[in-house]
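Me: I have a structure to read and I would like to go through the terms used for it. Please set each value against its definition.

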Amino acid sequence: MRLSLLALALVLAAAPAAAQPAIGAPAPDFSIATVTAADATPRSVMLSQLKGSVVVLAFFPKARTSGCTAQMKAYRDQYGALFGTDSLVKVIAISTDNPRTLASWAKELGTPVTFGADTTDGVGKLYAAKMPILPIHKRHLIVVGKDGRIAWDARPFRELAQPSYDSLAAAVRRARSAS
């Protein structure tokens with residue numbers, strides 16, 4: 001058993017980590033099935049179609065877990081302060097959960113957030129948010145500016161710490177006001 005754990009650790013250490021997009025770099029484009037609390041029918045959204053908007057990509061591990069629920073409730077309860085009250089900011093909370101699970105959870109929470117179902121881990125890999133070995137995401141937040149470039153990121157995002165939300169709100173305000 002010790003030998004197999006050591007071998008696994010060596011394989012993980014030697015495996016190349018996905019390169020995370022740098023601040024200022026173009027945000028990698030993707031297409032993802034999305035659902036909302038009001039609409040459980042999966043709709044395909046491409047990041048490039050949202051150019052001109054500020055897009056918050058909120059990678060999270062798993063629906064209905066305690067930390068993820070706290071995070072989505074904070075978005076719901078502080079939505080206007082974090083993202084504004086107009087439609088300039090698009091929030092996409094992304095996990096490997098299926099669209100049905102995400103839609104029912106969104107409805108239970110009553111959140112205005114759009115959920116993205118990254119069931120193949122493809123988007124997570126693009127943004128270096130995929131957890132090694134496990135088919136879930138790390139808790140990362142990325143703000144994509146109106147120009148389609150990475151404006152801010154939090155890796156990891158601390159969902160239980162209010163200063164994390166304060167930093168997110170400041171990053172969104174900066175991205176909103178950028179030309």
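**Terms and values**

Reply: Ala-58 stands opposite Leu-141 in S6. This is a predicted model, in which local features need pLDDT of at least 70 and side-chain atom pairs count only at pLDDT 80 or more, while totals for chains, interfaces and linings use all residues. Residues are numbered from 1 along each chain as its sequence is written, and side-chain values use heavy atoms, with hydrogens and water left out.

Me: What makes strand S3 and S6 a pair?

Reply: Two strands pair if DSSP finds at least two bridges between them. Five bridges join S3 (residues 54-59) to S6, and the two run antiparallel, so by the definition they pair. Strands here are DSSP runs of E with at least two residues, helices are runs of H or I with at least four, and both are numbered from the N terminus.

Me: Which strands stand at the edges of the sheet, and why?

Reply: The open sheet has seven strands in the order S2-S1-S5-S4-S3-S6-S7, with mixed pairing. Strand S2 (43-46) and S7 each have a single partner strand, so they stand at the edges and one side of each is left without a neighbour in the sheet. Neighbouring strands are turned by 30° against each other on average, direction ignored. Helix H4 (residues 99-109) packs on the sheet and touches strand S1 (31-35), S4 and S5 (contact means heavy atoms within 4.5 Å). The direction of H4 makes about 160° with that of S5. Such angles run from 0 to 180 degrees between N-to-C directions, with axes fitted to C-alpha atoms, for helices over the stretch in contact.

Me: How do you know that the span of helix H2 agrees with its number of residues?

Reply: The expected span is 1.5 Å times one less than the number of residues. For the 12 residues of H2 (residues 66-77) this gives 16 Å, and the end C-alpha atoms are 16 Å apart, so the two agree.

Me: Why is Asp-77 called exposed?

Reply: Buried means under 20% relative accessible area, exposed over 50%, and partly exposed in between (1.4 Å probe, protein chains only). Asp-77 has 55%, so Asp-77 is exposed. Arg-76 has 28%, so Arg-76 counts as partly exposed. The buried residues of H2 include Gly-67, Met-72 and Tyr-75.

Me: What makes Arg-76 and Asp-77 a salt bridge?

Reply: A salt bridge is a side-chain nitrogen of Lys or Arg within 4 Å of a carboxyl oxygen of Asp or Glu. The closest N and O atoms of Arg-76 and Asp-77 are 2.7 Å apart, so the pair meets the definition. By this rule the count comes to eight salt bridges. Another one joins Arg-139 to Glu-159, with the closest N and O atoms 2.9 Å apart. Arg-139 lies in the loop between helix H5 (122-126) and strand S6 (140-144) and Glu-159 in the loop between strand S7 (150-154) and H6, so this pair ties together parts 20 residues apart in sequence. Both Arg-139 and Glu-159 are buried.

Me: What is said about the phi of Asp-121?

Reply: Most residues other than glycine have a negative phi, and most peptide bonds are trans. Asp-121 is not a glycine, yet its phi is positive, about 70°. Asp-121 has a relative accessible area of 9%, so Asp-121 is buried.

Me: Which residues does a cis peptide bond join?

Reply: The cis bond joins Arg-155 and Pro-156, with omega about 0°. Pro-156 lies in the loop between S7 and H6.
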